[in-house]
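Keep the structure open as you read.

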Amino acid sequence: MFPDRLANQRTMKQRRKYVAGDRSFGVLVTIFIAAAVATRSPASEIDELKAQIQSMQKSMEQMQQKIGKLERENQQQKQQTAAAKPAQTGLKEGPGRVSTTTTTTSVDQYGNQTVTITPQTVTIESQASQITDRGALNDNQEPAPRPNNLTLDPKFLGFVPIPNTPVLIKFNAKPRVDFTDDPQNTGNPDRFVTAQIPVEGDFFKNGGNQFNVNSKGSQLSIDVRAPDIPGNPRFYYQNDFFGSGGGELPFRVRQLYGEIYNFVVGQTFSVFEDPDAWPDTVDYEGPNSAIFARRPLVRYQLPLNDHWQLNFGVEKPGAEVDTGIDPDAQSVNHAPDGGLNIRWEDSKIGHVQFGTTLRDIGVKGPIVGSQSTFGWGLNLSGAFNLFERDSPSHQSDQSSKEDEPREKIADSLQAQVTYGHGLFRYFNDDFINNDAAFDSSGNLKAIPAFGAMIGYTHKWTDNFRSTVSYGYVELDNEFSQGPHAYHRTHYGSFNIVWQARKRLSIGLEGLYGHKEEKSGAEGDAFRLQLGLLYSIFD
């Protein structure tokens with residue numbers, strides 16, 4: 001570039017000398033013409049002189065235009081040379097990463113500046129969690145907070161880098177529709193809730209065949225991560241349409257939290273819950289005994305080593321007291337709920353979690369006065385990978401090479417056992433106040449509760465899977481509770497799910513539920529459900 005620049009400069013100087021020479025020559029010609037005018041007639045000499053001057057002026061203008069054009073081309077060449085070096089922005093480079101955008105600047109002949117940002121392919125490798133992503137229809141694994149930079153998807157598929165920042169963002173929409181056919185009234189047309197099954201003596205029991213279609217399980221989510229910023233910050237948002245408002249699709253926020261340096265602030269899963277232990281059901285509600293608790297909270301995740309971690313935090317309380325003997329009484333919260341869990345994870349075996357929660361349950365009313373009682377709970381849960389084997393599609397592919405890695409599939413067992421006093425609020429069947437009630441002396445007592453859940457998922461092929469699940473909940477009712485108080489429920493499901501496309505899942509499921517009240521009155525319900533889910537950006 002430097003020799004070209006010297007050549008351009010010499011050319012420009014020669015052209016300027018040439019113009020200066022022309023100007024000197026023009027002056028001499030003018031003097032000569034003026035001298036000749038003395039011997040000619042004034043009119044003809046003036047006309048001839050004007051014509052010569054106009055011709056010379058036109059020639060000079062043409063030369064000046066050529067010089068201006070050459071100067072502009074030279075300036076553009078300099079600017080393009082300076083802009084040829086791309087501006088490197090975005091994520092820091094590291095092993096296995098290509099994380100830049102190219103910015104180029106150009107200027108046209110009129111001086112207008114154009115900036116072009118060209119996104120480049122970004123490949124980011126993060127640390128994979130020991131947990132297996134089972135890809136359930138109602139996925140509770142993806143939203144779950146995890147310590148450090150652990151993620152179920154270390155390649156961040158579907159994430160997009162935000163230009164000129166170290167931030168990745170993923171937006172996902174999961175439109176869903178469910179068709180349900182009930183041979184009798186189940187108590188809830190949109191979800192299979194065993195706590196709401198009508199029992200003997202209920203006017204709404206039976207009622208003939210009932211059919212329903214809903215899209216309330218559709219979800220929107222935003223996942224923002226910055227794996228190259230200290231503290232591995234993450235922001236996660238998710239909503240569905242099972243809110244309490246009116247209309248066909250009442251809005252409900254499921255998740256909204258931020259995470260940095262393993263501190264989690266916002267609304268997400270309680271430390272008492274294990275989001276990795278949910279069975280894969282087509283029914284959006286899931287088993288009655290599953291621990292289901294999304295709360296506003298502050299929690300801290302403490303990794304002990306590659307396999308062990310502690311989680312503890314405080315969260316929003318919500319005392320739920322059966323005040324049947326004092327209708328004007330109200331539940332009172334004196335302190336936040338607190339809890340912790342310890343987890344063991346292994347990528348080949350699965351995981352086990354043991355959690356506990358501690359609560360203060362209060363009440364105040366004109367008859368029962370002001371009272372409080374202590375609530376607590378223990379929850380043991382886990383999910384296990386079983387019978388890992390080669391994928392049937394790999395076995396049938398005769399062209400695959402022996403040294404190529406073989407695709408694997410495995411079955412999965414999910415299990416959970418829960419017991420405590422005053423913890424019904426944490427069960428998935430929590431649609432009635434059952435944390436505490438009053439004994440025969442009028443004293444507030446935390447109600448003993450027991451729950452058990454099991455699920456098994458079998459992979460038939462890469463695209464077909466089936467899950468069978470069962471849930472059981474029982475309460476040891478107190479004296480003050482009426483005859484219609486919730487006492488015992490059973491939940492059962494069996495399904496087959498077809499992964500028709502990478503992002504399209506179609507599931508067919510049969511459901512059974514049984515409810516028994518304190519009086520001994522019972523009710524049964526059956527449901528056949530077809531669900532379709534499309535995950536647009538997965």
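Q: Which residues lie nearest the centre of the second largest pocket?
A: This is a predicted model, where local features need pLDDT of at least 70, side-chain atom pairs count only at pLDDT 80 or more, and totals for chains, interfaces and linings use all residues. Residues are numbered from 1 along each chain as its sequence is written, and side-chain values use heavy atoms, without hydrogens and water. On a 1 Å grid over the protein atoms alone, a pocket is an open set of points with protein on both sides within 12 Å along at least five of seven lines, and lining residues have an atom within 4 Å of a point. The second largest pocket has 25 lining residues, and nearest its centre are Arg252, Phe292, Arg294, Arg295 and Asp430.

Q: How many residues of the lining of the second largest pocket are charged?
A: Asp, Glu, Lys and Arg count as charged; Ala, Val, Leu, Ile, Met, Phe, Trp, Tyr, Cys and Pro as nonpolar; the others, Gly among them, as polar. Nine lining residues of this pocket are nonpolar and six are polar. The charged ones number 10.

Q: What is the volume of the second largest pocket?
A: Grid points are joined across faces, edges and corners, and a volume is the space filled by probe spheres set on the points. For the second largest pocket this gives about 630 Å³.

Q: Which strand gives the most to the lining of the largest cavity?
A: A cavity is a set of grid points where a 1.4 Å probe fits but cannot get out. Strands are DSSP runs (E, at least two residues), numbered from the N terminus. β13, β14 and β16 each supply at least two residues of this lining. The most, three residues, come from β16.

Q: How much space lies in the second largest cavity?
A: The largest cavity holds about 150 Å³. For the second largest cavity, the value is about 90 Å³.

Q: Which residues are closest to the centre of the second largest cavity?
A: Its lining has 14 residues. By class, three are nonpolar, eight polar and three charged. Closest to the centre are Ile131, Thr132, His351, Ala383 and Asn385.

Q: Is Leu528 buried, partly exposed or exposed?
A: Leu528 is found in strand β26. Buried means under 20% relative accessible area, exposed over 50%, and partly exposed in between (1.4 Å probe, protein chains only). The relative accessible area of Leu528 is 48%, so Leu528 is partly exposed.

Notes: Helix = DSSP H or I, 4+ residues; strand = E, 2+ residues; numbered from the N terminus.
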